[in-house]
Amino acid sequence: MPATQRGPADPARADALTPRRTIEAMDDYDVIIIGARCAGSPTAMLLARAGARVLLLDRATFPSDTVSTHYVHHAGVARLASWGLLEEVLATGCPPIERVAFHAAGAVLDGRPPEVDGVRTGYAPRRTELDAVLVAAASRAGADVRQGASLRAPLYQGDRVAGVTFAEGGREYSARARVVIGADGKHSTLARVVGARPYRDEGVQGCMYYAYWSGLPDEGFRVHTGAGCTVIVIPTNDGNTVVAVGWPREAFGRVKSDVEAHYTEALRQTVPELHAALAQGRRESRIVGDGDLANRYRTSSGPGWALVGDAGHVKDPLCALGITDAFVQADLLSRRLTGALGEGSAAIDRATAGYAAERDQATSVSFRTCSALAKGEMPEGLPEAMKDASGDPERVTEFFGLQAGLLSFEDFLAGASRS
Ligand SMILES: Cc1cc2nc3c(=O)[nH]c(=O)nc-3n(C[C@H](O)[C@H](O)[C@H](O)COP(=O)(O)OP(=O)(O)OC[C@H]3O[C@@H](n4cnc5c(N)ncnc54)[C@H](O)[C@@H]3O)c2cc1C
């Protein structure tokens, strides 16, 4: 049966309006992936390394920046190491982050996050650097990488997604595949056109703005809460430091009306010593940000399609988990698909459904923590437990395990009764 175009974004209608449009057919693939950043490129790389024929599309051309600060937790660094990409990321010059300090509820927790797979160091590579390394790795692994290529619509065979049409360099192409993966971010086009439904949707809880500064001392990853906002400070490439401010969602309209004034005032009130240090440093970028910090899951598997990274599950960046989550999911999805690609459609759909269930389980604790912190909800006993933990390096490490999604609130609070 030939693959056809249909669905909510019906390109047949566009055809009627532009009758001279021609679509060039490409070779068939095993997998087509839309989006080539933290979720898409590693998924493409891992599947291509396993022998799959992979087409990886992104409308961006790399190196390309995106609105995101860029702390990678130990679990994410461990993935880069296991894929053989850590040295390449470090060669971009991002400094090691050995120390994390969290100032909240009258407590200062200063220490080291837990070790994961032998990794005891975090990094915050600029997205221009990190994403370019990931795209290059996918290409080296044998994926057919098309940059500046935008998804137009899925192709269907019956009810099954069986490929895509995409635009690149003023031309339009069609390509067929056994499975199409949306790694196209939280505003995923693929999710919309296949009708992927949200669940566990905790809504938008905050907004965040940040800029890059030079001339600041490297004091590791620092989080300061207070004065109706959270300030996050992260050392990154080129001797620069990301200084970010997060506010609750209600503040978005006010902050947007004069970002510079609110950003500066939040720093002055929340971390006066940092505000003073900025006067000696230099701002190296505009202040950029995002007011759509969603917290939700979407159905992430269906006949012939799957979603990975923010396309399928997104959370507030307060816990800085999106990149690490994307890496972990790339691993889960590619492992499940690798065996199934040699079998029929039913095996592929079982593999993507299994991946989606495993992802939900793997992110359940961190989702609850992130949404509670983003809503400003501290579970009963947490402020006291944080104060008690502050002088105890082991308890401080456990607290950072909570922030990294490795421990639940209950686990952390149970530790308080032990100590
Ligand atoms: C303010 C802010 C701060 C953050 N800070 C951190 C942090 O410190 N640490 C952390 O881990 N996470 C952080 N995050 C979250 C992190 O940025 C995301 O979780 C991560 O980028 C998700 O990666 P992804 O590959 O799923 O999607 P994205 O990075 O969104 O990439 C999607 C890609 O798909 C492409 N695409 C989209 N539509 C199409 C189309 N139709 N055709 C072709 N290509 C398409 C886009 O061009 C893009 O390259 C932050 C986010 C924000 C907003």
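Colleague: How many salt bridges does the count come to here?

Modeller: Some ground rules come before the number. This is a predicted model, where local features need pLDDT of at least 70 and side-chain atom pairs count only at pLDDT 80 or more, while totals for chains, interfaces and linings use all residues. Residues are numbered from 1 along each chain as its sequence is written, and side-chain values use heavy atoms, with hydrogens and water left out. Now the idea: side chains of opposite charge can pair when their charged atoms come close. The rule asks for a side-chain nitrogen of Lys or Arg within 4 Å of a carboxyl oxygen of Asp or Glu. By that rule the count comes to 26 salt bridges.

Colleague: Which residue forms a salt bridge with Glu24?

Modeller: That's Arg171, with the closest N and O atoms 2.7 Å apart. The pair links distant parts of the chain, since Glu24 sits in strand β2 (residues 23-25) and Arg171 in strand β10 (residues 171-182), 147 residues apart. Helices (H or I, at least four residues) and strands (E, at least two) are DSSP runs, numbered from the N terminus.

Colleague: Are Glu24 and Arg171 buried, exposed or partly exposed?

Modeller: Buried means under 20% relative accessible area, exposed over 50%, and partly exposed in between (1.4 Å probe, protein chains only). Glu24 has a relative accessible area of 29%, so Glu24 is partly exposed. Arg171, at 46%, also counts as partly exposed.

Colleague: And what does Arg37 pair with?

Modeller: Arg37 forms a salt bridge with Asp131, the closest N and O atoms being 2.8 Å apart. Arg37 lies in the loop between β3 and α2 and Asp131 in helix α5 (residues 127-140), so this pair ties together parts 94 residues apart in sequence. Both partners are buried.

Colleague: On to strands. Which way do the residues of β4 point?

Modeller: In a regular strand the side chains alternate between the two faces of the sheet. In β4, Val54, Leu56 and Asp58 point one way and Leu55 and Leu57 the other. Five of the five residues in this strand (residues 54-58) are buried.

Colleague: Which strands run parallel to β4?

Modeller: Two strands pair if DSSP finds at least two bridges between them. Strand β3 (residues 29-34) is joined to β4 by four bridges, and the two run parallel. Ile34 has Leu57 as its bridge partner. Strand β7 (residues 144-147) also runs parallel to β4, again with four bridges, and there Asp58 is partnered by Gln147.

Colleague: Last one: which residues touch the most other members of the largest nonpolar core?

Modeller: A nonpolar core is a set of buried Ala, Val, Leu, Ile, Met, Phe, Trp, Tyr and Cys residues joined through side-chain atoms within 4.5 Å. The largest has 52 residues, and Val54, Leu80, Ile181 and Phe327 touch the most other members. Helix α10 (residues 322-340) gives the most to this core, with eight residues.
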